[in-house]
Amino acid sequence: MNKYSPLLESLQLPNGVVLSNRFVLSPMTTNSSTKEGHITEEDLNYAKRRADSAPLQVTGAAYIEPYGQLFEYGFNISDYACIPGLTKVAKAMKGSGNKAILQLAHAGRFSNHAILKYGQVYGPSPMSLNSPIKHEVLEMSVSKINEVIQQYADATSRAIQAGFDGVEISIAQRLLIQTFFSTFSNERTDQYGRNTLENRARFGLEVMEAVQKVIDKEAPDGFIFGYRATPEETRGDKLGYTIDEFNQHLDWVLEVANIHYLAIASWGRHIYQNTTRTPGKYFGRRVNQVVYEHLNGRIPLIVSGGINSPETALDALQNADMVGMSSPFVTEPDFVHKLKEGRLEEINLNVTSEELESLAIPKAAFKDIVRMMDYGEGLEKKARDELRKLEKNYDD
């Protein structure tokens, strides 16, 4: 077991909070809330069952306005009516003394549920798109940009009132803020436009600054401010932004916000092993390594994607301070305990229908999410197929 001891060492965040080991329960939307995004008993039972899975736990994306909703039946934090339910979730997640983080997100032009509901969504530039249905992407006016910045601030205030230990702002995986930073999707010519790196980063920095002001004013001591991002955007051989540009952007974030960790997220398989495509001195090196070296200990780095065994976790920790897992904790919430106790042979990422109740997996869960599990292959196909069967229960 000495081999895995680095995974079980404690870690102190920059704000003094001490985490008991290096594992993070990464965001995973279960799609088990109400149509209005309010919390159900199944949400609470799922959280309680995993309350002791990892010392740092991050919810699936909570949408800050209806036009930013990515998943049907996901968490809503767009108004004060959401606070009572979210208060229960925070309490359930913290039941074993671990830290509960609420992820705040706006999916922008990729807000699939909003597209289906309204037929139009917001983005940095106007577009006509055909997936999942034919729809229009409306260019955000400066007034709308300011409105969304305020929505992030208001959502942070609600998260504090609900008793969460922190918030995480996600700009990863083509969410709204990332599309402003990307030359693939940003065709603007104003102060938020693509003509300079500073302009492309401006919207995100203004969000982070607004959130920090709320934390400074309203949050208790030890409140955690997290940041999730994708360090390089690629389409084949083309780059929406380079890892050098991302690292510069990260330096600017650290100037306006007192963040306590950076989490890396992207699409695909074995993400933590991704190598950079940015030409120059970093080409071909692991993305995690380049960012980890750039941070140089200023804040902890969390890496994820394809980590589903003690061996892959240990490998990922070579270029990180913590390792994040999402789908493995769905079917094996006791992963870390079994690792601590040397019961590696008992770690089981498969699931049967008979085990769903003991694992507190909602009867109707993971609508549209299993297809993402298929892409990442964090769980074996047998387990994914068992979870896929739950989709039929949404009809009830």
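1. In which hand does H7 pass H8 at their crossing? In this predicted model, H7 passes H8 in a right-handed crossing, and the two helices, the latter spanning residues 287-295, pack at an angle of about 35° with their axes 11 Å apart. On the H7 side the contact is made by Ile243, Phe246, Asn247, Leu250 and Asp251, which meet Val287, Val290, Val291, His294 and Leu295 in H8. Sorted by class, the residues of this contact comprise 7 nonpolar, 2 polar and 1 charged.

2. H7 (residues 243-256) also packs with H6, and here the angle is about 30° and the axes are 9 Å apart. Since angles under 35 degrees count as roughly parallel, H6 and H7 are therefore roughly parallel to each other. The crossing in which H6 passes H7 is right-handed. From H6, the residues Leu197, Glu198, Arg200, Ala201, Leu205, Met208, Glu209 and Gln212 take part, and they meet Glu245, Gln248, His249, Trp252, Val253 and Val256 in H7. The class division for this contact of H6 with H7 is 7 nonpolar, 3 polar and 4 charged residues.

3. H6 (residues 197-218) has a further partner in H4 (residues 142-161), with the axes of the two coming within 9 Å and crossing at roughly 30°. H4 and H6 are therefore roughly parallel to each other, and their crossing is right-handed. The H4 residues concerned are Ile145, Val148, Ile149, Tyr152, Ala153, Thr156, Ser157 and Ile160, and these meet Phe203, Glu206, Val207, Ala210, Val211, Val214, Ile215 and Glu218 in H6. The contact of H4 with H6 holds 12 nonpolar, 2 polar and 2 charged residues.

4. As to the geometry of H4 itself, this helix of 20 residues reaches 29 Å from its first C-alpha to its last, which is close to the 28 Å expected at 1.5 Å a residue.

5. The peptide bond from Ser131 to Pro132 is cis, its omega being near 5°, and Pro132 is located in the loop between strand E8 (127-129) and strand E9 (135-139). Tyr73, although not a glycine, has a positive phi of about 65°, and Tyr73 belongs to the loop that runs between strand E5 (62-63) and helix H2 (83-93).

6. On annotation, the unreviewed UniProt entry assigns residues 11-344 to "domain: NADH:flavin oxidoreductase/NADH oxidase N-terminal". Over residues 11-344 the chain of the model is 35% helix and 18% strand, and the end C-alpha atoms lie 23 Å apart.

Key: Residues numbered from 1 in each chain as written. Predicted model: local features only at pLDDT ≥ 70, side-chain atom pairs only at ≥ 80, totals over all residues. Heavy atoms only, no water. Axes fitted to C-alpha atoms, helices over the stretch in contact; angles between N-to-C directions. Helix = DSSP H or I, 4+ residues; strand = E, 2+ residues; numbered from the N terminus. Parallel < 35°, antiparallel > 145°, perpendicular 65-115°, else oblique. Left-handed = near helix turned anticlockwise from the far one by under 90°. Contact = heavy atoms within 4.5 Å. Nonpolar A, V, L, I, M, F, W, Y, C, P; charged D, E, K, R; others polar. UniProt positions renumbered as here; feature names shortened; annotations may be inferred. Expected span 1.5 Å × (residues − 1).
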